[in-house]
Amino acid sequence: MRDATRRSAEDFRRRAERAGVFLDFDGSLSAIVARPELAAPVAGARDALIDLVARYPVVAIVSGRPADELARLLDVDGITYEGLYGMEETATDITLALLPSVERAAVLVPEAWVENKRISVAVHYRAAPDPPAARATLISALEPIAAAAGLELMEGKMVLELVPADRPMKGGAVERLARERGLDAVLFAGDDVADIDAFEALDRLSDEEMLTLRVAVRGPETPEELVRRADLAVDGPGGLVELLRVLG
């Protein structure tokens, strides 16, 4: 770990009594895999989280996965799980009417498949023989479906997801917990487009004189914008675990 990264982590750790650590899961605490059900925390992640829970009043996982799935994968007492981008407890089921049209769109791309998250619908194309062509085809097919339903088409790593528009997502969950728990320092670490929303929340909290630390978990598919906005970057889930050990 670089000296500057270690100093930033140690400065944050000194505020631990009223600090919160917020983390993405896929691509941050786990490696990117072909299908979501194959994901698992990388070596050392659970032990690092256990140490964090003992030191910080808030340790939260904010993810596109359901909360119960995150809890099963990590199995660490004391963690707050904010599932489905922090919308799980407030959004209504939108998938019943959408699924037939989304599934017809997915059929246009070989090896694409649909994931029903209840409050959103995702189309994965990582296994497609030509991912760039698959992306273009799916965007063209899904954008009208999203628009007709008043939804937003959100892009991730080899996935396109129809989500509720104009609704607080990861950033909303971070801000809500930070305010509810009276935190004066907040760290968020993530690796994908949806995590930019959390970085923007930290920008707002920083304007209120809260200490914030934006961490990009850098990998081959990490958006350049996320890395550009970050206060520091670590190399993959292994690098994040190393940072978490310093924080703990």
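In helix α5, the buried residues are Ala134, Leu138, Ile139, Ala141, Leu142, Ile145 and Ala146; buried here means under 20% relative accessible area, with a 1.4 Å probe and protein chains only. A word on the numbers, friends: this is a predicted model, where local features need pLDDT of at least 70 and side-chain atom pairs count only at pLDDT 80 or more, while totals for chains, interfaces and linings use all residues. Residues are numbered from 1 along each chain as its sequence is written, and side-chain values use heavy atoms, with hydrogens and water left out.

Helices and strands are DSSP runs numbered from the N terminus, helices being H or I with at least four residues and strands E with at least two. Just after the helix, Gly150 has a positive phi of about 70°.

Now to what α5 lies across: β5, β6 and β7, running at about 155° to β6. Axes are lines fitted to C-alpha atoms, for helices over the stretch in contact (heavy atoms within 4.5 Å), and angles run from 0 to 180 degrees between N-to-C directions.

These strands belong to an open sheet of 4, in the order β4-β5-β7-β6, with antiparallel pairing; two strands pair if DSSP finds at least two bridges between them. Its edge strands are β4 (113–116) and β6, each pairing on one side only. From one strand to the next, the twist averages 20°. Between β4 and β5 (residues 121–124) there are 4 bridges, and Glu115 sits opposite Ala122. The hairpin has 2 residues between its strands, and Met158 takes a positive phi near 55°.

Last stop, the other helices. α6 (170–180) packs with α7 (194–207) at an angle of about 35°, their axes 7 Å apart. Also in α6 is Ala173, buried at a relative accessible area of 1%. Leaving aside neighbours within four places in sequence, Ala173 contacts Val62, Glu82 and Gly86. Val62 is 111 residues from Ala173 in sequence, yet 7.5 Å away in space, C-alpha to C-alpha.

Terms used:
Buried < 20%, exposed > 50% of the residue type's maximum accessible area, 1.4 Å probe, protein only.
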